[in-house]
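Me: I am new to this structure and would like to know what lies behind the terms used for it. Please show it, and then I will ask.

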Amino acid sequence: MLSKMSKNLGAHRLYSLHAKRAAASRSVHSSVQRKDTYTTEGAATEPALMTNSEAFVEALAAQKVDTTFGIVGSAFMDSLDIFPSAGIRFVSVQHEQNAAHMADGYARVSGKTGVCIAQNGPGITNFVTGVAAAYWAHTPIVAITPEAGTATKGLGGFQETDQLPLFEGITKEQVHVCNPNRMAEMTSYAFDAAQRDNGPVQLNIPRDYYYGESVTTIPRPNVLERSAGGEASLAQAAELIRNAKNPVILAGGGVVAAKGGVDAAVALADFLQAPVCTTYLHNDAFPANNKLWCGPLGYCGHKTAMNTIKDADVVIALGTRLGPFGTNPQYGIDYWPKNAKLIQVEVDPKRVGRVKPLTDGDVGICGDAGLAAKNILAKLSSGAAPQCQSNVTERLQKVESHRVAWEAEMEQLGQANQFAADAEPGRLVPRQVLRELEKAMPENAMVATDIGNSCSVSNGYLRFNQPRSYLAAMTFGNCGYAFPAAMGAKVACPDRPAVAYVGDGAWGMSLNEVLTCVREGIPTTAVVFNNRQWGAEKKNQVLWFGDRYVGTNLQHPETGFAGIARSMGAEGVTITNIDEVGDALRAATEAQKDGKTTIVEVCTTRELGDPFRRDAMVLPQRHLAKYQSTNREAESETQQPVDLGVVAK
Ligand SMILES: Cc1ncc(C[n+]2csc(CCOP(=O)(O)OP(=O)(O)O)c2C)c(N)n1
Ligand SMILES: [Mg+2]
């Protein structure tokens, strides 16, 4: 709008825009929120005189930014003032960490770049956790970090901190606007870099640089065409697969992120009749309703997947860095097939062969997971038939027997600690709750899960038939991720239900954003698992620290979290009966259509699933006399908290 105006006024003439400001401002404010009509074509793509704030905002618009998350601050207010005229929504939140998580959730479901912006100094330090989480989720976001003015930088003025070192290890690229006249160029570059490198980029802008003016050209987005990878490696991979007797596909986040990635993985799997496992917390990388689906590997994953990949002679790893945490032994099964040949398709050259070194006969492919899968399938479709097509029945029967055994075990796990629920009427078995939620989950839901025991166990109970549906906290593993991520997802895809699973401990970090949901009209559902403990950490104390619960038991106010939600203007329901779980989720997700945010507080027992870090924990053996009583010789025999099933007085 504004750029069009500058064009009409004569783009090539040097004139003072300031003289026209009053009229421009009257006109732009009458067209607030016209994002539906704003197009890249509206951006000033020919040289025009504009203020630096205009250059910044025009560059955002040219990159098709329509939403930003943050908290208002004077540092960027001159540009914020014209966001509405450019069709850019500013979602005003309660904490900048959550703004970064919202940008992350927004990007993960839409495939676009998420954007967060905040005040220099404290607003920016609050971003750090959110940006780190996005880094390990491989999410393209641009964290815009206005910084202290250049006139006083280094003197310790107001809200000053060195903002570049803060993000050094958690961004793909740091773009510092080093000259105010390069505002548009560098803003645009930051967005190109986020998409190119699939991760967070910092755009650091000294606050005084928003002022001033210059003749600027707004760059167009620089979109790089992705490739399947090197021809020789792809051909080698195809031959390896052609001769494999038991190939197993491992689909990761790169399959979700690639355009048509899941369809390409399905086509390859169907052709080979190869079973497909998904990587840790990427349950949406392959449709669960496909008979070749085996479920996720890794923490609280499916034994079907672990027992299947264990016997592979070739692992076709599509779109994954093969992260170390995601392939740790689970349930006592050291499932990674050490003698299998490995084909790793990974778009980031730095992560090919990094975790699982490639040895003789293995193939590393630096390419797009979807394009690589398509390319390999095309090669396999001509020439000799793959060997594995001759033993399909036998292979798939084996998978089926693993599946039947695991499903039966899941049922039995759900009953194992029923006694605790019987002892405390109104308290439900967490696994039974997760099963009811799984059954009631709307087909097209976007589900974000937090870090915690109930959420981690949910990894075994969340199945998706379409990509860009599962937003788990991934390997940065910070409590407080899920709710804001679900909110960001809802902003990106308002027609899909957005659901967050959150533990009661983590909920204390996120519940402030219920205010944002109500104020900004972002109807979201949070399922809060109230087990009265920081359960995942308590599990470590159960197993290795003699049931000494230092800092892990919680007590909540009488109102409950549902009551707190209601006092914030949202809906709040408390679930104390297993039969109510499914209906509550259905009602809450349905109510999103009426703009309502609902907190479904589920009262559960203190039952805890597997521990997070069996690989990283050691029984305590202290030397000093005064600590001798804390030494432990063995893990807890019960594996459950001693207060499981104990009725509170
Ligand atoms: C920001 C942050 N602080 C601390 C931790 C350590 N931590 C991991 S899981 C967990 C307990 C989570 O408790 P809750 O949210 O109640 O879920 P539960 O385990 O009880 O299901 C904690 C404190 C973390 N991962 N992130
Ligand atoms: Mg808890």
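This is a predicted model: local features need pLDDT of at least 70, side-chain atom pairs count only at pLDDT 80 or more; totals for chains, interfaces and linings use all residues.

Me: Which residues come nearest to ligand 1?
Reply: G452, G503, G505, A506 and G535 come nearest, out of 19 residues around the ligand. Two or more residues of the shell come from each of helix 19 (453-458), helix 21 (504-510) and helix 23 (535-544).

Me: Why are strand 16 and strand 19 said to stand at the edges?
Reply: The sheet is open, with 6 strands in the order 16-15-17-18-20-19 and parallel pairing. Strand 16 (470-472) and strand 19 (571-575) each have a single partner strand, so one side of each has no neighbour in the sheet. From one strand to the next, the twist averages 15 degrees.

Me: What makes strand 17 and strand 18 a pair?
Reply: A pair needs at least two bridges. Strand 17 (residues 498-503) and strand 18 (residues 525-530) are joined by 5 bridges and run parallel, so they pair. V502 stands opposite V528 in strand 18.

Me: What does helix 20 touch in the sheet?
Reply: Helix 20 (residues 482-492) packs on the sheet and touches strand 15 (446-449), strand 16, strand 17 and strand 18. The direction of helix 20 makes about 175 degrees with that of strand 17.

Me: How do you know that strand 2 and strand 4 pair?
Reply: The cut-off is at least two bridges. Strand 2 and strand 4 have 2 bridges and run parallel, so they meet it. G70 has I117 of strand 4 as its bridge partner. Strand 4 also pairs with strand 5 (residues 141-147), in the parallel sense over 4 bridges, and there I117 stands opposite I144.

Me: Why are both faces of strand 4 called covered?
Reply: A residue is buried if 20 or more other C-beta atoms lie within 10 Å of its own. In strand 4 (residues 114-117), G114 and C116 on one side and V115 and I117 on the other are all buried, so both faces are called covered.

Me: How many residues of domain 1 are in contact with domain 3?
Reply: 23 residues of domain 1 are in contact with 24 residues of domain 3. Helix 6 gives the most to that side of domain 1, with 10 residues. The residues of this side divide into 11 nonpolar, 10 polar and 2 charged.

Terms used. Residues are numbered from 1 along each chain as its sequence is written. Chains are lettered from A and ligands numbered from 1 in the order in which they are written. A residue is near a molecule or strand if its C-beta atom, placed from the backbone, lies within 6 Å of it. Two residues are in contact if their C-beta atoms, placed from the backbone, lie within 7 Å. Ala, Val, Leu, Ile, Met, Phe, Trp, Tyr, Cys and Pro count as nonpolar, Asp, Glu, Lys and Arg as charged, and the others, Gly among them, as polar. Axes are lines fitted to C-alpha atoms, for helices over the stretch in contact, and angles run from 0 to 180 degrees between N-to-C directions. A residue is buried if 20 or more other C-beta atoms lie within 10 Å of its own, exposed if 12 or fewer, and partly exposed in between; C-beta atoms are placed from the backbone.
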